[in-house]
Each structure stands twice: as structure tokens, then as C-alpha cells.
Amino acid sequence: MLTLVLFNLTNGIILGLFYVLMALGVSLILNLSNVINFAHGNFLALGGYFAFSLAPYLGYWGAFIVAPILVGVIGVIVEQTMIKRVYPRPHVYSLLLTFGLAFIIQDMCRTIWGVNGLPLSIPNALNSPLSNQFFFLTGYRIFLVAVVIVAVAALFAFLGFTRVGTRIRAGTFDLDTVSALGINIGLLRALNFGLGIGLAGLAGVLAGGQIGLNPNMGDDLVLPSFIAIIIGGIGSLTGTLVGGLIIGIASAVTSIWWSAGSEVIIYIMMVIILVARPRGIMGEEGMMT
Amino acid sequence: MSTTTAPGAMAAKPAAGGWLHLVVIWAVLISAPAWMGYIGGYDALASQVLIFGLAAMGLNLLLGFTGVMSFGHAAYFGLGAYGAGFVLRYWVHSTPLAILCGILLGTVAGVTFGALMMRRTGIYFAMLTIAFAQICYYIAYSWNSVTGGYDGLRGFSRAPLHLGSYVIDIRGNGTLFYYFVLFVFAICTGLMGLLLRSPLGRTMIALRENSQRARFLGIPVEQHVWIAFILSTFFTSVAGALYALLNNFADPTALYYVISGNIVIMAVLGGMLSFWGPLLGAAVFVVLENEISSMTVNWMSFIGVIFVAVVLFFPRGLLGFLRRRSA
């Protein structure tokens, strides 16, 4: 029983970390640009596939670094050519735009890399289980946890201590004032969009090593990452971090007793939060609510 | 709330243009089964256009006329379908009761979810609508014993209509069923027209134009958003119930967020600032989707391109585009 609980808890933490990476990206974009990015899961898939195609040339580690950056660059291009044109318009347009992009990217992945799943092979060093009793603690999972922790810490350090990061945070509160202070908010939004998409790309590379690649691999992560943001509190990245971990763990732990409930529990938690604390766990009063 | 266009450009006249275009619209709809065949259509496709048209017009009460964004109307569409399916599958063999139950299920969900969301605005509201739709999807997907899970609710068929001693057999006859759908569609659009001319309808439009000013005038904004939301889910669930009758099944894809997106794009594609726009949008979208999916395996890209093109090049929709041309 203890092993089972630990097994599910580990799964929950891993799942939660994927939600965190995804939700932080969605949240960054939502906070600064007021765009809900439906295509986020497809950028994740793109990250995985890029790593798959680059690995023969750059090796796993090269692909691991380059793929997310490449996805981020594509994010910036998409933002500059399409997304930025709907910023001044009502939300319905940005939703429809990213919705359409999701279809297009998914179909492109399907056409280029095929409908069937592909394996993203990882270095042998990461592949072995660390102990026989706790077979689920593979080297790769430890590696995954470490990478996410480093990435999240780097993101928070960037936002907290660099000039650009400070501007992004300021823009979350009052973009007009930031613009009035002479900061190029177009550039800021583009950078921020690329950063968010790059996180999705990183999640894709990590997910590819865990579950393999397929064109819909990100779909199941998108909507839960929205829920993570709602639970954590819109406008707060720390909230998103907390929200993502909570729903990941809750859904894995629930599946011990009620396997069909692993998805439903996420939404039950969202409703409870909505009734009891509409601004979310860490959300500020009045922030976009 | 949204401020889409310059004031005046979108004065909502439910029957703008007088009687002529109403005559044209209804003539086209009534005569559809006669000419559908010549342009490669069929009765079921025509019924589908009406059904999605009704769903999109229902959504548009909220999106176009109240200025509130819902990206989760698949919930009420799908629940309408499941409600109708439950009656026919488990209870009685009656088409009117099936529709009533579909409406009931969809609208009760609308009342409940609406109450939880009505105080939220903008992008937060939109996110919540998506989330609530996903709850319904997962329930339908996981509750195998009742909903049939992934395969959906099957093994029922629409029942003949009994008008006194006269029986209309809509079961095997696609054309008759089309006229039945058209009949329900006519009642619903009539109700929507009346609604938009009523003080309630004018209040909804006032919220779209300037919700802050409406609040200053003493209008309880949240309650009106809630009412508009409920009315909108009502009409969308009628469409869902008809959809179950058309297909003789109800499955989780009717609740999936892709349907939500499709309903929204229909409204925007046709022109969300006009009464009939969503119907036109539904006609174009349903026919295109049908054509494209039979022509190429890359149909997803084409659908995606439609979304992107509408947003970037026709944000006012086809009717808005035509009107501006002629103006």
C-alpha cells in the first residue's frame, strides 16, 4: 500500500510539473497579452518533434537545449505575424486565432512526422531505475524533476531580478503605464510570448522522453493548465506554480481509489475554489476578476 | 465587455432591412430540400445547417448582443443532445418529450454554471466557460453505465410525431425531419426576435455597448449577464436536442471543446453583430467542413486556416463585410 501511494504520489508530482511548465507559459502570455493560448499544447508537441529530428545531428543534449529555443523563436514569429494583430480586439478573436493555430500545427506535425507515435530516445545514463523496491524512481524522472526546478527557478529569477523581467511584471499590472514610461511593449510582449512558448517546447522535450511523441501529445495538458491558473489565481505566477502542482498530485492520488476521477477531481477543485475564493489561492483582489 | 465597433455601426435591428430579406431567408430555408440535391447537398446536411445555425444564434445572444464571451457552449449543446437521448433510450418513445428534456438538462446546467460565473468578466469568464464545458465532457466520457462512455448513447431513434390522430413519421424520412427541424428553428428564432425587441433585449445590448454606464443607470449588470447566459444556453440546448434526433445518438464529441470553437467561429464568420449572421456562418462552415473532410486528409489545416483567415481578414464576418462593401 505504501508503495502504491508513493508510486501515485511520484506520478502526481511528475504530472504536476508538466502542468506547471505548461501553465506558467499560458499564464505569462495571459497576464501580459490577455490571450488564452489554445495552441500551447501543440507547441509542446512541436518541441518534442524538434528534439526528435535534431537529436541525430546534435545528440540528445544538443537537441535538449536547441529544440525549446527553436520553438520559442517560432512562437515569436507567430506572435509578430498574427497574434499581435488581435491585441486591440475583443477576446473572442484571440481565442479563435489560437484555436485555428492549434488545428494547423497539429495537422503539420501529423503530416511531417506521421500519425503514429515516435520514441524520443534518452541517454542510457538516465534510463535505469534507482532502486528495486521503488521501481518508479527512474533516473529520467529525477532528471525531469531537476530540470523543471531549475527552469522554474531561472524563470522566477529572470522575472524578479532582471530589467526585462521587472518590465514584464509591471506590464501585468498596468501595461498602459509601462508603455507611457517609454518601454517598447510590442517587443516586450513578443519576448514574453516566446518565453512562454519556449517553456511549452521544454515540456515537450521532457514529455517525449517520458511518454513518446504523437501529434496530440499536448492536448490533455492544455485544459488542466487553464484550471491550474484559475485555481492558483489569475495574474499570479506563484499561484500558477502552486495550482499546477496541486492538481497534478490531486489527480494522481485520486486515481488510487477512483481511476475515472483523475480528471474530474481537477474540475471539482476548481468549482470549490470558485465558490470559496473566486480570486484563486494566490490571486490579487481585483486582478482581472 | 467588448467594444467592437464604432457606435452606431452596430445598432441591432433584429429584422434589419425590412421584410424583403426575411422573405428571402425563409423562402431559401423552406425550399432547401427541393434544390439541395442539385448542388451536392442532402437533407441531413441541411438539417445540420439549421441545427448549428440555431446553436450559433443562441450563442450570439450572448456573444454578439450582450458582448459576453463564452467559449464553452458545447456543454449546453451536448447536454441538450444527451437529455434527448436519455428520454428516448431509457424512458419513453416521444420526440417532444425528448426535446423538452434536452432543453431542461442544458438550461439547468446553464443556470448553475452561470450562477458560478456571472461575477467574473472578460478573459476569466471565457476561461471558466471552457472549464465548465470540459467538466460535462469528462462526466459523459467517464460515466460509462449511464452515458455509454466513449461510444456515446446509442440504440435509440427519434419517434413519430402524433398530432391528435394524425401521425407524422419523421423517423425514416429525412425531408420530413428537415421540416420538423425548420419548424422548431422558426419558433426559436421568433422568440429570439421578440426577446431582442423587448426591454430585456435592449438592456442586453446596453451592456454590450457600455456596461459601466448601464450600471450607473441602475441596471444590475451581473444578473443580466446571468439571464442572457441562461437564455443563450436555452436555445443552444434546443439545437443539441435536435442534433441527437438527427443522428440518433449522442456522444462525447458533442460536448468537446472543438464544438464550442466551431459554434463561436460560425457566429463570427457569419457576422456576430447581425441577427441572421450566425445562420449564414453555420451554413458556410458546415458545408465547407463536409466538403473539405471528404476531399483531403489535411482537413484540419483547412479548418484552422478558416479560423485564422476569419480573425485576420473578416473580423466583422461575411455580413459585416458585405454591408461595408455596399455602404
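In the predicted model, the secondary structure of chain A consists of 10 helices and 0 strands. Along the sequence, the order of elements in chain A is accordingly written as α-α-α-α-α-α-α-α-α-α. Among these elements, helix H1 spans residues 2–33 and helix H2 spans residues 40–81.

The overall dimensions of chain A were examined next. Along the principal axes, the C-alpha atoms of chain A occupy a box of roughly 60 × 50 × 35 Å. The radius of gyration of chain A is 19 Å, which agrees with the value near 19 Å that a compact globule of 289 residues would have. Of the 289 residues in chain A, 52% are buried. Among the contacts in chain A with a separation of 6 or more, 73% are made by residues 24 or more positions apart.

Chain A also touches chain B. The contact draws on 38 residues from chain A and 36 residues from chain B. On the side of chain A that touches chain B, the elements giving two or more residues are helix H3 (91–113), helix H8 (219–232) and helix H10 (261–276). Of these, H3(A) provides the largest share, with 14 residues. Sorted by class, this side of chain A holds 28 nonpolar, 6 polar and 4 charged residues.

Most residues other than glycine have a negative phi. A:Asn34, a residue other than glycine, has a positive phi, near 60°. This residue, A:Asn34, sits in the loop between helix H1 (2–33) and helix H2 (40–81) of chain A. A:Asn34 has 16 other C-beta atoms within 10 Å and is therefore classed as partly exposed, since a buried residue needs 20 or more such atoms and an exposed residue has 12 or fewer.

In chain B, a positive phi of about 60° is found at B:Asn248, which is likewise not a glycine. B:Asn248 belongs to the loop between helix H9 (221–247) and helix H10 (257–270) of chain B. Because B:Asn248 has 15 C-beta neighbours inside 10 Å, this asparagine counts as partly exposed.

In summary, chain A is built from 10 helices and 0 strands, and its radius of gyration agrees with that of a compact globule. The side of chain A that touches chain B takes its largest share of residues from H3(A). Positive phi values are present at A:Asn34 and at B:Asn248, with A:Asn34 in a loop of chain A and B:Asn248 in a loop of chain B.

How values were computed
Residues are numbered from 1 along each chain as its sequence is written. Chains are lettered from A and ligands numbered from 1 in the order in which they are written. This is a predicted model: local features need pLDDT of at least 70, side-chain atom pairs count only at pLDDT 80 or more; totals for chains, interfaces and linings use all residues. Two residues are in contact if their C-beta atoms, placed from the backbone, lie within 7 Å. Helices (H or I, at least four residues) and strands (E, at least two) are DSSP runs, numbered from the N terminus. Ala, Val, Leu, Ile, Met, Phe, Trp, Tyr, Cys and Pro count as nonpolar, Asp, Glu, Lys and Arg as charged, and the others, Gly among them, as polar. The radius of gyration is taken over C-alpha atoms; the globule rule is 2.2 Å times the number of residues to the power 0.38.
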